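Open the model in your viewer and keep the selection panel at hand. This tour goes stop by stop.

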Amino acid sequence: MKPVFTRTATLKDCPTHYCAGCGHGIAHRLIAEAIDELDIRGRTIGIAPVGCAVLAYNYLDVDMIEVAHGRAPAVATGMKRTNPDKIIFSYQGDGDLAAIGTGEIIHAAHRGEQITVIFINNAVFGMTGGQMAPTTVLGQVTATTPQGRKPVGEGYPLQVSELLAILPGAIYVERCSVHNPAQVRKAKKAIKHAFELQLNGAQGLSLVEVLSPCPVYWRMTPVKAMEWIKKEMTKVFPLGRLKG
Amino acid sequence: MCGNEALAEAAIIAGLDAYFGYPITPQNEISAYMSKRMPEEGRVFLQSESELAAINMVFGASATGKRTMTTSSSPGISLMQEGISYLAGAELPAVVVNVMRGGPGLGNIAPSQGDYFQATRGGGHGDYRTIVFGPSSVQELVDCMPLAFDLADQYRMTVVVLADGILGQMMEPIVFERKPRRKLPPKDWALTGAKGREQNIVRSLWLGDRVLEEHNYKLQAKYEQVQKNEVLCEQYEVETAEIVVVAYGVAARMVRAAVDRAREQGIKVGWIRPITLWPFPTEQISKAADEFRIFLTVEMSNGQMVEDIKLAAAGKTPVLFFGRPGGGIPSVDEILERIRQLTIPAKR
């Protein structure tokens, strides 16, 4: 029998440490597929964030580095400037990119660094126990917003992709989701496109935001979490191409 | 050429591939110089958005096997400590120049030696060391740059060049020596794209039972090698001296002049000048420690290196201190006066 769906080469064959229903596994696979389809494994360097995906190098079989919280775009800058022939990507969560790393991502985009950023937005700090993130939606209960996030005092959810899209140095910004197979396919297309832009020497930063479930800290079943992305998250974080 | 420009050129001669920095006084001549010279050489210059970003750009470039450095002054170096700790954990080579100014806080822009503790104790979080040079002339500043890059690559460590506002701004005649380099190990750990090989991972996270403990022992073994092999120290008339003045950096220049004048007045005094502040010349100080002697440490701070002198002297020799913090510079007259005031313990 001819297999119709197999593991892609750059995704390692190993048990996962991610929780049931977590979106990181899907996002990892999409990146691995894009790398394999573009045949760039031998010239790609990945940057893992601080957060649950710090161990991304356990799954993605490319040269990888682990960096301080939020600093990936600066590290990527150092790599790309000294290795313009390499394909550099960072993989960052919303705590990493939208809280502690806002300075680094804004200035990397501002300078038009030729790097690719995969931004996983699950609306909480996952690894530290589900605290409020800048992207936490209003009313969302987290470990540090027990009454639900209130706009006064805790602020509105931060729409980083919209912020970045206004910068001339950001040439491609798209928000995707992994809440159903159709969206997963769109996310794959976006991620591949972002890599392609870099591969073709496009003059600027490409970023794909991926809305991703965290059932454990959303206190939901995996299925409910997928539904919540569609019903609640996409209201605050509308899907689609913001730029490019 | 001022010290800042001279060290920049020395770094370029030493094979610097990429320079990242953020403006701060009194070291701005470095980035101005680099912004002109690095592109001329076809190499990378980038003004970062912060010192945090600068050290992380260094982190990234270093991870791909490039020779890279950043420079700053005290408050900026504080911001870089996170990155320096990660460099230590990930065992990446880097050179960091600190043209020290007065602190704490924003302090002032006058020369200082107030960052000795920060430089020689690691500076960031965790159990680690950095190699620290304390040059006392522009020539020595220039000479230590190629060595700094070699040591960084050899031991996969951060090397800190601890200068100060005087050295950075001062002009002195210099010679750029192109001495033969050390034989260095290949950077087979570098991230170059896993073409035809297994993936390389650069990391500082070590989970699992005792895994980080073992990693720390490995780092410690490396630091012990550095302590054994890389100490640099200069001394003058110590054997016949009743008073030994210890100083580093530009403070040692004032000490040298004061000691010469004291000797003209018949006082039996010599000096020791640590060139590497870590590894510290503990053995040399310890050898000189003698119950019939007095150590006088002179610093442009309220007393930091003096603690290392006390540790090395181990109670055998009284250790006194004279220093001026916050941009104060101990003058030759002041040092001479302190030397003259010392009472020497009973003769042998």
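Two strands count as paired if DSSP finds at least two bridges between them. Keep in mind that this is a predicted model.

**Stop 1: the sheet in chain B.** Select β8, β10, β9, β12 and β13 of chain B. These 5 strands form an open sheet, in the order β8-β10-β9-β12-β13, with mixed pairing. Its edges are β8 (233–236) and β13 (319–323) of chain B, and each of them pairs on one side only. On average, neighbouring strands are turned by 20° against each other, direction ignored.

**Stop 2: one pair in detail.** Zoom in on β12 of chain B, residues 294–299. It runs parallel to β13(B), and 5 bridges link the pair. Pick B:Glu299: its bridge partner in β13(B) is B:Gly323.

**Stop 3: where the chains meet.** Show both chains. How many residues does each chain bring to the contact? Chain B gives 34 and chain A gives 29. On the chain B side, α3(B) supplies the largest share, 9 residues. By class, that side has 17 nonpolar, 11 polar and 6 charged residues.

**Stop 4: a pairing between chains.** Select β2 of chain A (residues 63–66) and β7(B): they pair in the parallel sense over 2 bridges. Finish on A:Met64, whose bridge partner in β7(B) is B:Ile201.

Definitions and conventions
Residues are numbered from 1 along each chain as its sequence is written. Chains are lettered from A and ligands numbered from 1 in the order in which they are written. This is a predicted model: local features need pLDDT of at least 70, side-chain atom pairs count only at pLDDT 80 or more; totals for chains, interfaces and linings use all residues. Helices (H or I, at least four residues) and strands (E, at least two) are DSSP runs, numbered from the N terminus. Axes are lines fitted to C-alpha atoms, for helices over the stretch in contact, and angles run from 0 to 180 degrees between N-to-C directions. Two residues are in contact if their C-beta atoms, placed from the backbone, lie within 7 Å. Ala, Val, Leu, Ile, Met, Phe, Trp, Tyr, Cys and Pro count as nonpolar, Asp, Glu, Lys and Arg as charged, and the others, Gly among them, as polar.
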